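Let's take a walk through this model. Have the viewer open and follow along.

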Amino acid sequence: CAAPLPFQNLRVLVLNATGLTWQDTVALAPQMPRLAELHVAGNGISSLLADSSLVEAFPVLEQLDLDMNQLSDWSEVARLADLPCLDKLTLSANRINAISIPKRSDGGALVFARLRSLYITRNTLGQAGEPGSNVAPEVGCGWSAIAMLDNLPALRELRCIGNPLFELPSCEPALAREWIIGRVSQLTHLDGSQILPEDRVMGEK
């Protein structure tokens, strides 16, 4: 009879500002098979590559906090796309400058099928001159990153303020809110505020 895992009933783990690498975090995961909430903010993480399968490491993970790390490429975030229970993903205060979410021909999302809450405040969306960025500084190009989020069928809550995109002279806060509501059709909450039916009407004009 195998000995029980020492942390088999652990549901929440906070490792913020510990300096623990993502690889080491994933290596610990098999000891916590019921882990539902993981916080690894402020650990200097720039890649989510792991030696083992993330789906096997985090079979029931619902919430992942990656705030204040060094992530810049959406391809790193996409490594989380197949986590079966991921409901909330927090990526604020990183360096993400573009978003790419493929869409299936039948209209369903290819990735992040259960993701309901996404926090991407204080990244670099829309920043001119960002190395490797495919986001142009003018409105109409950088917005395409936000529009990609319409490919997430379960997404209901989005926080995205604090990106350079919203600091452009031509970007008025009220108009930006309308634009997002009109293009990310399934949202119910945006930047902490509930989206009312009249907000949806204005956004879809």
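What follows covers a helix, some aromatic rings and a loop proline.

## Ground rules

This is a predicted model, where local features need pLDDT of at least 70, side-chain atom pairs count only at pLDDT 80 or more, and totals for chains, interfaces and linings use all residues. Residues are numbered from 1 along each chain as its sequence is written, and side-chain values use heavy atoms, leaving out hydrogens and water.

## Helix α5

Helix α5 spans residues 173-183 and has Ala176, Ile180 and Ile181 buried. Those buried residues sit within an arc of 130 degrees seen down the axis, so they line one face of the helix. The arc is taken from the directions from the helix axis to the C-beta atoms. Buried means under 20% relative accessible area, exposed over 50%, and partly exposed in between (1.4 Å probe, protein chains only). Helices (H or I, at least four residues) and strands (E, at least two) are DSSP runs, numbered from the N terminus.

## Aromatic rings

The whole structure holds four aromatic pairs. In one of them, Trp143 and Trp179 have ring centres 4.9 Å apart and planes at 40 degrees, so this pair is tilted. For Phe, Tyr and Trp (its six-membered ring), pairing needs centres within 6.5 Å; planes under 30 degrees apart are stacked, over 60 edge-to-face, the rest tilted.

Trp143 is buried at 3% relative accessible area, while Trp179 is partly exposed at 21%. Together with Phe166, Trp143 and Trp179 form one aromatic cluster.

## Pro33

Pro33 sits in the loop between α1 (22-28) and β2 (37-39), partly exposed at 33% relative accessibility. Leaving aside residues up to four places away in sequence, Pro33 touches Leu5, Phe7, Gln8, Pro59 and Val60, with contact meaning heavy atoms within 4.5 Å. Pro33 and Val60 are 27 residues apart in sequence and 7.7 Å apart in space, C-alpha to C-alpha.
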